[in-house]
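Subject: Structure for your attention

Dear colleague,

I am passing on the structure below, followed by some notes on what came out of going through it. Please read the notes with the structure open beside them.

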Amino acid sequence: MVYQLPPWAALAPTLLFVAVALVLFVIDSINPDTENRLLLAATATAGSLAAAGVSVWYLLAGTGEAPIRLFQNTLVVDTMSLFFAFVFASVTALVVVASYDYMRDHSYQAEYYALVALAASGMTLMPAANSLAVVFISLELSSLPSYALVAILKRNRGSVEAGLKYFLIGALSSSILAYGISLVYAVSGSLLLPQVAEAASVEGLTGVLGIGVLMVLGGFAFKTASVPFHFWAPEAYEGAPAPVSAFLSSASKAAGFAVAFRVFTVAFPVETYVQTAAASIDWVLAVQILAVVTMTLGNFAAATQDTVKRMLAYSSVGHAGYALIGLAALTGGNDQFVLGASMAHLLVYGFMNTGAFLFIALAEYWSVGRTFEDYNGLATRAPFACAAMTVFMFSLAGLPPFGGFASKYLLFAGAVGAGFWWLAAVGAINSALSLYYYSRVVKAMWIEEPSSEFAIESKPVGLYAAIAAAAVATVLLLPGFAPVWEYAQSAAAALVA
Amino acid sequence: MWIEALIAVTLASAGAVFLSPNKVAGKIAFVLSLLPVGGSLWMYSTYEASGNALLEGSTLAFETNADWIVAGPYSLNWHVGLDGISMPLIALTTVLTSLALLASWTPIDERQSQFYGLMLFLEASLLGVFSALDFFVWFVFWEMVLVPMYVLIGVWGGPRRKYAAIKMFVYTNIASLALFIGFTALVFGLGDAVNTFDMAAVAQALRAGELGALGPIGAGTLKLVAFVAMFVGFAVKVPVVPFHTWLPDAHVEAPTPVSIMLAGVLLKMGTYALLRFNFTMLPDIAQQNAQLIALFAVISVIYGAMLALAQTDLKRIVAYSSVSSMGYVILGLVAYTVYGMGGATFQMVAHGLISGLMFMAVGVIYNTTHTRMVSDMSGLASKMPITVAVFVAGAFGYMGLPLMAGFAAELFIFLGAFGAFEGSVLFTAAAMFGIVIVAGYLLLAMQRTLFGPFEIETDYEVSPAAFHDVAPLVVLILLVVLLGVDPNIFFEMIQNAVDPLAPAAGGGV
Amino acid sequence: MVPVQYYLLVSAAVFCIGVFGILTRRNALVFLMSVELMLNAANINLVAFSRFHGNLTGQMFSLFTLAVAAAEVAIGIGIILVLYRNFADVDVTNATTMRW
Amino acid sequence: MAALSFELAPVIAALPFVSFLIALLAGAFAPRLLPKGGAIPGIAATAGSLLLSAWAALAVWNSSEGVYHESITWVAGVGDAAFDLHFGILLDPLSTMMLVIVSLVAVLVHVFSLGYMNDEGETGLPRYYAGLGLFTASMLSFVFASNLLMAFMFFELVGLCSWLLIGFHFREPGPPSAAKKAFLVTRFGDYFFLVGVVGVFATFGTTAFAGSESFPHLAEQVLAGEASATTFLGLDPQAWFAVLGLLVLGGVVGKSAQYPLHTWLPDAMEGPTPVSALIHAATMVAAGVYLVARMYGFYALLPQVLAFIAFVGGFTALFAASMGVVKKELKQVLAYSTISQYGYMMLGLGAGGYVAATFHLMTHAFFKALLFLGAGSVIIAMHHNENMWDMGGLKEKMPVTYYAFLSGSLALAGIVPFSGFWSKDEVLYEALVHGLDSPLLLGAYAMGLLAVFFTGFYTFRMVALTFHGDPRTDTARDPHGVGWNVKLPLVVLGTLAAVAGLVNMVPVAELTGAHLEFLHDWLDAGPEALTAHHYGDLLPYSSGTIGTELTTVLLSAGVSLGLALAGAGLAWKLYAVADPDEHTDKLGSAKTVLFNNYYQDEYQVWIATGLTLPLARAADKFDQGVIDGVVNGVSSVSLLSGSRVKRIQSGVVTNYAFLLTASLVVLLVAIGLIGGWF
């Protein structure tokens, strides 16, 4: 390569999102009453695709293989951060494209897309954060626009209620996180993750440090919608506009995991904190408890829902439990496999879960109704979209030939490999239960007779395109799982090896 | 590349049929399904392999081994190939699918293109299951089977189809998860000895005793636990009593062609996997617990047969008798003799053909009479003679009439099992009593439905079945007789493939 | 010089007061205030230990926290406004259309 | 030329099989092209088999080794300890004799069927002749089978054919039921047989009947301590071999309708009468006894088993004969007589009378086929009414049938000089001389002897009621005529029934010293290991005599003849009158028992429908309720707990805050305690 990009260019995905947000603000300022939805959506789409493209390019070019450290090591760009940047950017692109149709009657178009872009920029920063300060700020940067996005349907009681709950729990959680950070700082005297790792050797303050660590864990648990910080999730996902639900349940969750992976492996490594500390801070055990409770509660609650969207909301909680296995099965030894599996799962999950919520968006667009019964016989009206939804459901349930199969089973394999076969077993039981409620959707669409007459007047291009893209990605991610796995493994290697 | 081509052609056919109009989907699907039939027969005719695919010193037919996912410490390979155990099952799958498609023309009268597309998709998955030699690839296909099955039962099934479909779906999925955990635990327990999920590598390392501890679990316990997990996982699929209750429901509700596939091929996945995994990889555990496993087998045989005796629905009778017949396979496997294990494999093929035949015949009767209850009809023989003749022939095949495939298979199993391990004489003798009960319930059902004065409770005109309904029946019965008269068509290659497994046991017959 | 443990105790007390407020008050604005208390408890720690450790990281971070808190309040007030518009109250326990 | 006749041996069985295929295929696709519904190909095929069988018999006689033994490998075993499975042909005096008998009876039955089936306008003739063809083919293959496995296989096929033919009139309710019963009961016996076959394989690694690698030979060596064999269940060779012998015997008891598996046979009368003739005389029922004779070299080593065989045989002979005395239907009487006669054969075999039993097997084949065909003729005449009380006086109307039937009856009753006398007498003689040292055998002999009286009685009761006295119904007064195709087989068999006994007139031989034991010579002609002589050496019995051997012979013959005459005479006195009474009331309470066949059917039906079926239903209930209940219960419990657990999401955000905080505190405390922070 002749020309070497400057180091800050490693933050290109983040910068692109920030730029998109600013451009949208500019457009909005020039013509506040613009009716040109296409321009706004296209700008946002272009920005997200560019961000995704840049992430892929960097990954392929090996940019992150030697971590690029910026701003006095408070930001680090490595394979892992680029990997997640790709996840966020692609989910954002899907959401933005879908929103073109979904938000067609909305009056604050530019603000909507700008908020999405801002949230995305916060998310792309999160996996790169190498300082607890950056962790907190990037987390807030992604959260604050999200609150607004959830409540953006101002006249819709559901949306507002969802926004309120999300916000209140979020505020509480972020203050817990902040307090936790302050306690960790109290013991370690630094906010840089590698230096925090050394705090484990401080004598006498294990209790303070331990409380700090668990409170930080709580802050991340909020972001990932893990029990007991999940309470906002069912309502927020149900009440929010469906594309926003997709965004939150896929990208935002993945961001929470990304930051958690880095913080817990770099700042609170298992070797020093859990195994050799003066008094053990067994956060792995805490995560294991959270993982088991999260997947169980999420799946069991999802099994008996009446509305599809809320079922998906709970299933999203359940998937948080699966992804937590990545942290819960860390042993300080050969952790790359399971951690990488968890990352790969989050990527696949990004596509399949986004797709599923976008199908809900489509159904809401058609005013089909919210319950399972309302979906009865939908396949006779919209076979293509229903086929895509079937792909998402089966993939979420972990069935081949879809991407969710590979990632989920490798995740379980990772847990077994780490010696936590019981974690995999609990996951397995939950997974089987999830098959039940996912297949309820399939059953409603394909097997049941239509219960009511409704006409589908239009087939929105944006939604269809987004759903189709997500479905194709979900299918191709099984045969094409190799690159995902490869980069997930090297991303994990960047943290634990 | 032949296996890939076989699967790809089947998948492409599935896609083509999906897009074809409903009216001609059945015909297109049948014609397209002849391609894999031809392919598998060609493969059979050029088949050249020796030894067991998972053990040292084997050469496989049509083998491909390519990287699929290589990253981190473990690699997953696209590894497929055939040995004497899988080749017959591949042939069975293609042939039975074709015939099942033909048998679908009459009963499937809505959403045909979807139905036939899914059937072909199912076939592709099954071909994958029987040819894959890397665990992960195998598992992909193994689970892939569930998707079309669920929809096939759920959409085109009987009145309780939704219940049956979801039960089958969830139950067998739990089983898959159990076996997945069991197997991966073994792979990871092997530590650095094996860094792949290749079944052959894992099997050889396990047999070489390289299993170490996994976390807090010692090697001995790990072996046992993994064995149990995998056994339970496969036992659901087989199904072995007491994991069988999904099967009758699924059978009764499934449309005829799906029942044919279910009984004919899908159940064999379980026994095939038992042979490939439990009995090949952990022979010491299997042999230490031979009596217990044999007890499961005997209970399956006798209890399944007793249940069949109590049924009043023709399809349920055949469904439960499948439970009974698959018990013999378990007995043969645990014998660890060439006759026993070979007979078990042969029984997979034989039972596949015979149970397919029985379900098909019941289906033809149902198409005409619109009832399957034994009490609702009698004397069908005078109205549909050819169907009844084939039904009778199939039923006698099921009872193990000599010179039909079922007898050969059961005989091999009995020969292999008798005296193979401590107490095997009694277990074998007990299992053999199944041949009396099976005769009892089949003869009873036939006497009531097929013979006696003609009567029927439904208002449908009973007339002889159409040619395309009868033709697959006749083809099947001919195949059953052919295999019964000359089992060597498959048995020779089967023996060759199971022989390396048998000496591990030492004695036996 | 005041021992650093005292700051810890004070911050813990403030934090607990904030939590107590969140758990007992139903008014959304009070809820916000309580959250501010909790954040400030964190700030107390940060500033105190910044001094204790002899680096400015903590103090710098507390400034960020203040800024973020302000932004949070801004969003919060916005949401409370639309809450009031839709539910005619700022009682956070009123909005229970979605549950189970 | 001998070689060619042996080479053609497979054709003996293949010919009827071809006729089966012709009848089957032509019947399905081109019924019009099938001459006489398949009878002509069948007759041609069986006649061909008869000729080839006779030729093979001659060849065996002339061959230097007296045996022809060829086999092909059906399935080759792989591995060190494995054994091959063979199909083979064993032609020796015993098998060729049986081949001739079977094919002869088959030809005659085919011819008779022309009259009984074709002329009566039956439908489904191709199916009928296909069944006959397959039946004959299976039986012939069974007869020349060179090993136990092959024998078993065709034994089973014989069972299938019996099912097909007994249930020929499938539109009526009775025949399908009878067919089912026949198959099931014999299957029950065959279960033991199959276990035995597998056991023989496991023990000896071969099931061949003949040769140095045959299982009787190996067993002999093992018992002589010259070789060793694997035994199971911790038994010593002698006991284990006895177990094997008894297991195989299970199949014999089933097929040859010995007590307690005899119940299928009377029901099997639902089949067309020619089929009954075939089943009883030459094929199915004969198969069992033939099997014991075939592997006599093995049984001869096992004294306990022999005693058991003899006892079962003797008991069955008496037991069945006693039931025959009260039956009303012509064919029922014959059915019980069959059971009884096979009991004699078993008695003979068990008592060490290999030649005697084989002799009786042969003579019985002739006279029983004759009696059934005669009965068929009567049934044609009576428009398919089988009740003897509706007959009477048919003697004048159908003389050919009468005299043929009478010949058969005299043979059955054992009246000198008809064939049955010679063979039955020899059986009883063997039982007597060997029984003098063995009380068990003597008991069996006593039962057999007593049965002679009953046999005479029911036989002549049957003859008298059918042919003598006044016609008791209009049909009997004006019977339907029968054609040549009915009379020809009757004449042939009538002659044979009268004279076949001459081949082995033991008493005469003893009396005169003349060499008249042709059958004995014939059965001694084969290879050493398969000869009657060799068997005699193996047998554990010692012979006793009453006085001299001559007096014993005469005494035995005299007593049995006397009893037979007494029985016959009593029947004649009671029933050969113009208007006979039933006389059954004189039996008192025994009458009910006899009419109900000692409640044998009842308890067996009870085992099937009163015990097994309820057990199956209970299993079904258990399956649905408990096993499936657990499965469904797990899902219900899961869903219920799901609907409970989701209630935690109350919708009130302050509750969420509380739960969140509380959980965090709990987690903190728990981890803190575990970690030892405090």
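Of the contacts in chain A with a separation of 6 or more, what percentage is accounted for by residues 24 or more positions apart? The figure is 80%. Before going further, please keep in mind that this is a predicted model, and that everything below is computed from it.

**Confidence in chain A**

The mean pLDDT of chain A is 90, with 98% of its residues reaching 70 or more. Within chain A, confidence is highest in helix 5 (residues 132-150), at a mean of 94, and lowest in helix 11 (residues 270-275), where the mean is 83.

**Chains A and B**

Chain A has 20 helices and two strands as its secondary structure. Its radius of gyration is 21 Å, close to the 23 Å that the globule rule gives for 497 residues, so chain A is as compact as a globular protein of that length. The C-alpha trace of chain A spans about 70 × 55 × 45 Å along its principal axes, and 74% of the 497 residues count as buried.

For chain B, the secondary structure comes to 21 helices and four strands. The radius of gyration of chain B is 22 Å, close to the 23 Å given by the globule rule for 509 residues, and chain B is therefore as compact as a globular protein of that length. Taken along the principal axes, the C-alpha atoms of chain B fill a box of roughly 70 × 55 × 40 Å, while 72% of the 509 residues of chain B count as buried. Residues 24 or more positions apart account for 79% of the contacts in chain B with a separation of 6 or more.

**How the chains meet**

**The nonpolar core**

The largest nonpolar core has 788 residues, and those with the most contacts inside it are A:Val116, A:Trp283, A:Leu358, D:Val105 and D:Ala369. Helix 14 (residues 336-365) of chain A contributes the largest share of this core, 21 residues. Leaving aside neighbours within four places in sequence, D:Val105 is in contact with D:Leu278, D:Ala281, D:Ala282, D:Ala365 and D:Ala369.

**Two local details**

Is helix 17 of chain A largely enclosed or largely open, and why? Helix 17 of chain A is largely enclosed by the rest of the structure, because 15 of its 15 residues are buried. This helix covers residues 403-417 of chain A and reaches 21 Å from its first C-alpha to its last, close to the 21 Å expected at 1.5 Å a residue. Helix 17 of chain A is followed by A:Gly419, whose phi is positive, near 95°.

The second detail concerns C:Phe64, which is placed in helix 3 (residues 57-87) of chain C. C:Phe64 has 16 other C-beta atoms within 10 Å and is therefore partly exposed. Leaving aside neighbours within four places in sequence, C:Phe64 is in contact with A:Ala133 and A:Ile137. C:Phe64 and C:Asn40 are 24 residues apart in sequence, and their C-alpha atoms are 12 Å apart in space.

With best regards

Conventions. Residues numbered from 1 in each chain as written. Chains lettered and ligands numbered in written order. Predicted model: local features only at pLDDT ≥ 70, side-chain atom pairs only at ≥ 80, totals over all residues. Expected span 1.5 Å × (residues − 1). Buried ≥ 20, exposed ≤ 12 C-beta atoms within 10 Å, placed from the backbone. Core = buried A, V, L, I, M, F, W, Y, C linked by C-beta atoms within 7 Å. Contact = placed C-beta atoms within 7 Å. pLDDT = per-residue confidence, 0-100. Rg over C-alpha atoms; globule rule 2.2 N^0.38 Å.
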